[in-house]
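Subject: Structure handover

Hello,

Here is the structure I promised to pass on. Please have it open while you read; my notes follow below.

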Amino acid sequence: LIGCSMTDEDLRRPLLSSSPSSRRRVRESKPVRSAHLLSLRTPDVECAFVVNFDEIKGNVVEFVYPDNKRSLVEEGGIDFRAMPSGLHTVEEDFVYFRSGSDRTVFGVAAFSSLRTGEEKRGARQRSVGFLLKEEAWLRPFLPRLSYEARHLNEHPRDYAGIVDAFETVQNERQDGERKGEDAAASALSVSADEKVVKSGRHTQILSSFADVTRFYGPAISLLRKAVLLGLRILIYSPPPIGPACERALWLSKTATTSHIDDSMRVPVLYSVSIHDIDHLSSLSSFIAVTTDKIFLEKPDLFDMSVDRQYVQLSDRFISRMTTPAQRPTVRCLRFSPDDASEYRHFVKIVNENSQLGLNKAGPFSELDGRLEDEWKDKNDLLLEELFSASDVGRVIDGRVVVRDFSLPSSSIYFLQALSRRFHLHCDVRINSFSLRCCSFSSPAPSLPPF
């Protein structure tokens with residue numbers, strides 16, 4: 001991968017769909033709307049767990065259901081993953097993470113801190129969560145988990161609620177008659193419980209694609225390029241960490257495309273800590289979130305850092321991009337006026353759909369699906385041109401592509417970088433094309449909010 005060390009195994013791994021014709025058929029078909037939404041299968045929940053902060057022992061696994069899954073929780077380091085560093089500074093938060101030796105198990109946990117006069121810290125702190133087999137199901141259970149975390153702080157060792165939530169999901173999974181939307185609706189019913197709704201825990205938890213676009217502004221375009229190019233992206237955020245995990249999820253969706261094999265998509269690791277440094281060192285690409293600022297002092301671990309809204313390439317990454325074939329990767333990741341224009345395009349989409357009442361956050365937001373489809377169309381347009389040229393080994397004139405597809409001028413460098421990233425047999429030439437570009441070492445200029 002560009003800007004990352006590659007192993008022989010990485011080079012042998014298939015990058016593209018099985019054949020050029022199949023790739024073209026995917027491009028010509030109607031895009032699948034809202035690909036980030038839940039699959040047609042009911043959720044596969046491995047277990048429920050509770051992590052408690054003990055004044056003497058620190059983070060401890062307090063409860064696991066069913067009990068035969070305790071080793072999965074304890075060996076996966078869930079005590080630290082479900083309660084990242086610094087959460088004691090906030091009253092409520094949530095976190096996504098990946099667990100297991102191969103990081104194929106996904107975790108979601110809601111954190112709650114209740115001030116009391118009993119503990120030395122003056123507060124009870126718990127994280128309540130699920131371990132899941134599918135990433136798509138991280139979000140729907142958060143309202144219920146948030147309620148149960150608060151409830152357990154008020155009524156320690158009353159695990160009936162979290163057991164009931166787990167059993168409800170399991171019962172729905174065993175009901176083979178439920179399909180499609182009914183499966184998703186039954187999962188959401190876990191969080192639509194009357195007591196959860198009355199508590200207010202069902203609102204204002206999840207963000208939306210529009211929220212993330214608003215947060216990053218024009219830098220959203222640079223981040224999308226970084227994801228498509230397979231960089232190691234580290235997002236630093238002081239607590240609360242939940243919103244940063246949501247941003248990592250949505251950033252991965254900006255790189256949605258029909259033309260990349262699933263095995264080559266950049267993995268979203270969500271929350272990581274100092275216990276994950278060895279694992280991060282072994283990866284050639286990722287999107288990760290951390291509350292540990294010490295990570296920013298280890299530039300060998302990442303190619304691009306995102307400190308809240310401050311986006312910057314690692315000096316080590318830039319120093320490695322020295323050959324003529326590598327330089328376009330750095331050039332296309334510098335801020336240009338084209339990024340602001342692309343941002344305004346998405347602002348227009350959000351504003352148009354907001355008038356229709358489609359801008360609500362949640363796992364079933366139609367606006368989120370429309371924004372993801374828009375990014376997908378942009379990505380497919382570029383990659384289809386590259387793959388078609390690679391099939392016949394022809395030269396691509398960057399100026400012609402920009403003109404014919406009404407693309408930003410900076411897309412020429414991006415096309416060159418993508419060609420190298422996917423080892424395509426085509427030559428993207430710039431000739432005498434002039435590119436307006438300036439160094440991007442500070443937050444992108446602010447534009448009117450939408």
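Pro-240 sits in the loop between β6 (232–236) and α11 (242–253). The peptide bond joining Pro-239 and Pro-240 is cis, with omega about 5°. Strands (E, at least two residues) and helices (H or I, at least four) are DSSP runs, numbered from the N terminus.

The model is predicted: local features need pLDDT of at least 70, side-chain atom pairs count only at pLDDT 80 or more, and totals for chains, interfaces and linings use all residues. Residues are numbered from 1 along each chain as its sequence is written, and side-chain values use heavy atoms, with hydrogens and water left out.

Another cis bond runs from Tyr-65 to Pro-66, with omega near -5°. Pro-66 lies in the loop between β2 (58–65) and α3 (70–75).

Two arginines have positive phi. Arg-157 has phi near 70°. Its place is the loop between α5 (142–154) and α6 (160–174). Arg-157 is exposed, at 62% relative accessibility. For Arg-308, phi is about 60°. That residue is in the loop between β9 (304–307) and β10 (310–313). Arg-308 is partly exposed, at 36%. The cut-offs: buried is under 20% relative accessible area, exposed is over 50%, and partly exposed is in between (1.4 Å probe, protein chains only).

Now the rings. Rings of Phe, Tyr and Trp (its six-membered ring) pair if their centres lie within 6.5 Å; planes under 30 degrees apart are stacked, over 60 edge-to-face, and the rest tilted. The count is 11 aromatic pairs. One of them is Phe-49 with Phe-97, a tilted pair at 6.4 Å centre to centre and 55° between the planes. Phe-49 is in strand β1 (residues 45–54) and Phe-97 in strand β3 (residues 92–99), so the pair ties together parts 48 residues apart in sequence. Phe-49 is buried, at 0%. Phe-97 is buried, at 0%.

Phe-387 and Phe-422 have ring centres 6.3 Å apart and planes at 75°, so this pair is edge-to-face. Phe-387 is in helix α16 (residues 366–392), and Phe-422 is in the loop between α18 (411–421) and β12 (427–429). Both are buried.

Helix α16 also holds Glu-385. Glu-385 is buried, at 15% relative accessibility. Leaving out residues up to four places away in sequence, Glu-385 touches Arg-394, Ile-396, Val-401 and Phe-405. Contact means heavy atoms within 4.5 Å.

Best wishes
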